[in-house]
Amino acid sequence: MIMKKAGLIICLLLLIGCKSKTVSRDTEDLKIKKVSNAEISSEQQRKAYELGKRVLETCNTSKFKPFNETEVTQSVRENTTEERLTKTCTRFRQYYGSFIDLKLDGVYKTKNEVIYRYHALYTKKVANKELRVFVNEENLISAIKSMDWDEKFDAKLAEQ
C-alpha cells in the first residue's frame, strides 16, 4: 500500500511539462497514431532523446543544465527547476537505482504533436518506467512525462 502511494506520488511529481495552452479539441485532435522513425526528422529525434536524457541524468549528477527558449516551451522551462528535479530524483534513485539510458520504443503523432516513447533504463531491475517527450509544431518540447511502463499502449491505440 505504501509503495503504491509512493509510486503515485513519484509519477505526479515528475509530470514536469505542462501543455502551454488549454484548448478545446475535437476527437480528431486527440487521436494518436504510430509512425515510422523514417517519417520524423533525425534532428528532432536527436533533440527529444537528448533533452529527455538530460532530465533523467540529473538524478545521477545532481546538476541540471536549464533548458532555453530554443529547446522547450515556456511552461516546460518554468516547471523544470533543479529543486523539483532533485526532490523527484531522490525518490527515483531510492526505488530504481541510477539512470542508465533511454531506449526508443516508438514514435507517435497527434494532429499537433510528435510523441517519443522511451523505456527508461535503471540499474535496479524492478524499475519499469517510461518517459514520453512531446514535441510541438514549433519543434519545441511541450511536455516531458515519466510514468510506469504501459505494456498495452499500442493495443490501446488500435482501439481508437
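With which side chain does the side chain of Arg132 make a polar contact? Its partner is the side chain of Glu130, at 2.5 Å; a polar contact is a pair of N or O atoms within 3.5 Å, where, within protein, one must be able to donate a hydrogen and the other to accept it, and residues adjacent in sequence count only if both atoms are side-chain atoms.

This is a predicted model, in which local features need pLDDT of at least 70 and side-chain atom pairs count only at pLDDT 80 or more, while totals for chains, interfaces and linings use all residues. Residues are numbered from 1 along each chain as its sequence is written, and side-chain values use heavy atoms, without hydrogens and water. The protein chain has an average pLDDT (the predictor's confidence in each residue, from 0 to 100) of 83.

Arg132 lies in strand E4, residues 129–135 (strands, of at least two residues, and helices, of at least four, are DSSP runs numbered from the N terminus). With a relative accessible area of 13%, Arg132 is buried, which means under 20% by a 1.4 Å probe on protein chains only. Beyond four places in sequence, its contacts (heavy atoms within 4.5 Å) include Tyr116, Lys145, Asp150 and Phe153.

Among the buried residues of H3 are Leu51, Val55 and Leu56. The buried residues of H3 pack against E4, as well as helix H5 and strands E2, E3 and E5.

Terms used:
Buried < 20%, exposed > 50% of the residue type's maximum accessible area, 1.4 Å probe, protein only.
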